[in-house]
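Subject: Structure handover

Hello,

Here is the structure I promised to pass on. Please open it first, then read the notes below.

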Amino acid sequence: MNGKLERLRKEWLEEATIRQMQQKMGNNEINSEELVIMYLQRISEVDQTVNAILEINPEALQIARSLDEERRSGKVRSLLHGIPVLLKDNMDTGDKMHTSCGSLAMKDYFADEDAFLVKKLRDAGAVILGKTNMTEWANFMSDRMRNGWSSRGGQVNNPYGPFDVGGSSSGAAAAVTANMAAVSIGTETSGSIINPSVQNALVGIKPTVGAISRSGIIPLSFTQDTPGPMARTVEDATITFSLMIGYDPDDPVTKGSKCFAGIDWLSLLNPNALNGKRIGIARSIFEREISTERKTQFDAVLTQMQSLGAEIIDSIDLGTMEDDLGYDVLLYEFKSALNAYLGKTPMTNPMRTLSDIIQFNKEHSEETLKFGQVMLEKVDRTSGRLKEPAYIDALIKNRHLAGEVALDKAFNEHQIDFLLFPQDHGCSFSAAAGYPAITAPASFSENGEPFCITMCGRAFSEPELIGYAYAFEQQTLARTKPNV
């Protein structure tokens, strides 16, 4: 690496934002190819400790070079033009990278084409830098599996220290936190963007189901899956989110994304967005589960929000608890969703069904079954036809409890603008209802563990949530980079 790049990497790259990268590229101080080289160097040094990256896109430099040529000719596609982006390893890429969901059973699988959201990113000029490690099979393989572990990639480690790294978008979060890319794309079924974001002091946007297409992503649940961005700042997350939105005829629920048409997303970044807003606090959801230190940290957040003009509506009763939702919806949907995905993969992929995955693991148990596969086996005992009464009952119950009883009633009866939780508490409600949530760094514990907040809103309220998160971020500037 030449002297200029080495200096930039050490003095500027860490914590650099998308806007700062665009400014340097626009001023010809750096180009996308050099940016990729610096991130590759960063990965080679840091990922030996973090273990967040599964593989690098071998075409990343060539793609960056072609995007630099476009820029020289006067064409800049978007704010993501030439920006390196990482993808969770459950997203199809029609290139020379594998798509495995962290499983050794899928380690040799190449998708035929990009997932819809990957096409959107490429069209926006993003450089797909690589795939990130994750909790294998989206944390639905074993009830004993550690967050961040996969048979293909091993254990992802939290860059801040010996803390839980979060799951299942573990590598996607840890990589961005450790400055191995500007932004990453994770997926959530129930907490898998929110949880690793709060554990790694990131802004994670868990969108409304239907805002971003799920086609071309190894699925867990038809009703709850959604991809979303993870970044170090609200602005970077917002830029990336806005460029992935869009209607996909292969995912009919994305018709709902049309409500975002014409929004100027960057105009939402208003430092005064919390002024006059009513914030709901449902203490019964978390007060018995968090430490005294975290209660103090959360109360400090409420004071900060009041200083920004917000009104706190405390002790709201949501009428149900997160544990009341259970996981039966996911238990029944996983087999049907995964078998449909595997059945459409090229015949060169020997894994055609969930049963094939389970059998492979049994035959390679020393490598694959460190934590067992009790959840996969339990899922495989369902019919896969989604006709069991237990599934229908769970689906109806969850939508009713999470949507009508918990969230909608709180929003309507208390006239609140959003619900606020410490860490990832409350994320099960947003997941089951299909509603959006966003995280923001708030502080750090005495031992250096990140403490974040989660804001939960109504369906398709991402524009408002982004504004609230930005206002809080600008007031606190709480994020600090890890020592890796």
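Start with the largest cavity, which is lined by Thr223, Gln224, Val329, Leu395, Asn398, Arg399 and Ala432. A cavity here is a set of points, on a 1 Å grid over the protein atoms alone, where a 1.4 Å probe fits but cannot get out; lining residues have an atom within 4 Å of a point. Its volume is about 30 Å³. Grid points are joined across faces, edges and corners, and the volume is the space filled by probe spheres set on the points. The count is one cavity of 30 Å³ or more.

Helix H15 (residues 389-414) gives the most to this lining, with three residues. Helices are DSSP runs (H or I, at least four residues), numbered from the N terminus. By type, the lining has three nonpolar residues, three polar and one charged. Ala, Val, Leu, Ile, Met, Phe, Trp, Tyr, Cys and Pro count as nonpolar, Asp, Glu, Lys and Arg as charged, and the others, Gly among them, as polar.

A note on the source: this is a predicted model, where local features need pLDDT of at least 70, side-chain atom pairs count only at pLDDT 80 or more, and totals for chains, interfaces and linings use all residues. Residues are numbered from 1 along each chain as its sequence is written, and side-chain values use heavy atoms, with hydrogens and water left out.

Now the salt bridges (a side-chain nitrogen of Lys or Arg within 4 Å of a carboxyl oxygen of Asp or Glu). The structure holds 27 of them.

Glutamate 14 pairs with arginine 42 at 3.2 Å, N to O. Glutamate 14 sits in the loop between helix H1 (3-13) and helix H2 (18-26), and arginine 42 in helix H3 (residues 32-50), so the bridge ties together parts 28 residues apart in sequence. Arginine 42 is buried, at 6% relative accessibility. Glutamate 14 is partly exposed, at 22%. Buried means under 20% relative accessible area, exposed over 50%, and partly exposed in between (1.4 Å probe, protein chains only).

Aspartate 380 and lysine 335 form another salt bridge, at 3.6 Å, N to O. This pair links helix H14 (residues 374-380), which holds aspartate 380, to helix H11 (residues 328-343), which holds lysine 335; the two residues are 45 apart. Aspartate 380 is buried at 18%. Lysine 335 is buried at 12%.

Finally, look at Glu6, Arg9, Lys10 and Glu45, which salt bridges join into a network.

Best wishes

Key:
On a 1 Å grid over the protein atoms alone, a cavity is a set of points where a 1.4 Å probe fits but cannot get out, and a pocket is an open set with protein on both sides within 12 Å along at least five of seven lines; lining residues have an atom within 4 Å of a point.
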